[in-house]
Amino acid sequence: MYKTIQLKRGKEESLLRFHPWVFSGAVQHADKDVQDGDLVRVLTANGDFIAVGHYQLGSIMVRVLSFRDVEIDDAFWHSRLLSALQMRQTIGLADNPQNNTYRLVHGEGDNLPGLIIDVYDKTAVMQAHSIGMHLCRHDIARQLVEVMGSRIENVYYKSETTLPFMEPENGFLVGGSPDNVAMENGLKFRVDWLRGQKTGFFVDQRENRSLLEHYAKGRRVLNMFCYTGGFSVYAMRGGAELVHSEDSSAKAIELTRQNVEMNFPGDARHQAFCEDAFKYLEKADGYDLIILDPPAFAKHRGALHNALKGYTRLNAKAFEKIQPGGILFTFSCSQVVTKDHFRNAVFTAAAQAGRKVRILHQLHQPADHPINIYHPEGEYLKGLVLYVE
């Protein structure tokens, strides 16, 4: 029997518009024995059912799994995972021999808030962002194997960084293969799902890396915050004259070197540098294609002001250093930074540097990171491709 959460009068409006979160300020009453991670039925002030979801103490008190009064059981997980797979088949990502790297489940975007699943060849990496999904991990893994069939052989669980207060143990729920090389658009990448950021690879930049490849021919490329070197490898295949990769993490630099060597063995066009980004940019010279893909500068709304100052400072330095006729790929993955916020920060940077700048492309997350139309907060990745005179 599920516990119940009752809303204050009039606080059901967002749920009637299918927004998948119940905020703590909307709750009138919760059962006394309700625990973090419990499945709860959400009732209106009149006692009418409106949603079922995972309870968690905090500002987002319920993450909605369904707006119908259904059992959250094996059949439910199977149906949602199958729907996610069918969508990836529709957009041509699943079952593509040139690409076995994609996001299978993207939280609210796939009506599974609190759950991320990325596929790397035969391994699915699962990450919980809510206690409820953590508690359901074995049920989800079992249905994932059933839905995916021969597409996967391993399920690795990686939530130490997303649920640090629980101290969940990372490890294989199914299988245990050490093979961690995956393919993206015909290029090979070593994915560090054991110690790497997120699930081990930034799947969300796949199409933007592909776009960069078309601009790389004959250019001198600087890939800032390179992490696994994804943009660097695509630039190499695109015919760049030289590619320099920068990151403050020695582990990231080593992974970048491995990925470049795996695809372009012995290619002298590439060099990697472990250094602070601003210090490197200060002395940078001669580049006519620069990629700025920093980690999130703002992880909560209180950090927004400082984040925007950081984006402005970083982009201003890139505008100052890039050669005339250069192209700048610049990104923000901070969810609280809107498209307008980011664009204004970049415009301010261009004005400070005194450069003439034209927008060539406005970029965002790819189709395997879908945005639930009722949950605009799911749009987190913003990017601009700029021509700098």
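Trainee: Which residue does Glu184 form a salt bridge with?
Mentor: In this predicted model, Glu184 forms a salt bridge with Arg209, and the closest N and O atoms of the two are 2.9 Å apart.

Trainee: And where do Glu184 and Arg209 sit in the chain?
Mentor: Glu184 belongs to strand β12, residues 181–184, while Arg209 belongs to helix α5, residues 206–215, so the pair, 25 residues apart, links distant parts of the chain.

Trainee: Is Glu184 buried or exposed?
Mentor: Glu184 counts as buried because its relative accessibility is 0%, and Arg209 also counts as buried, at 3% relative accessibility.

Trainee: Switching topic, what does Asp368 meet in a salt bridge?
Mentor: The side chain of Asp368 meets that of Arg206, with an N to O distance of 2.9 Å. This pair also links distant parts of the chain, 162 residues apart, with Asp368 in the loop between β19 and β20 and Arg206 in helix α5. Asp368 is buried, with a relative accessible area of 0%, and Arg206 is buried as well, with 2%.

Trainee: OK, how far apart are the closest N and O atoms of Asp288 and Arg219?
Mentor: They are 4.0 Å apart, and the two residues form a salt bridge. Asp288 lies in the loop between α8 and β17, whereas Arg219 lies in the loop between α5 and β14, so the bridge ties together parts that are 69 residues apart in sequence.

Trainee: Which residues are linked in a network of salt bridges?
Mentor: Asp74, Asp139 and Arg142 are linked in such a network.

Trainee: Last one, how many salt bridges does the structure hold?
Mentor: The structure holds 20 salt bridges.

Key. Residues numbered from 1 in each chain as written. Predicted model: local features only at pLDDT ≥ 70, side-chain atom pairs only at ≥ 80, totals over all residues. Heavy atoms only, no water. Helix = DSSP H or I, 4+ residues; strand = E, 2+ residues; numbered from the N terminus. Buried < 20%, exposed > 50% of the residue type's maximum accessible area, 1.4 Å probe, protein only.
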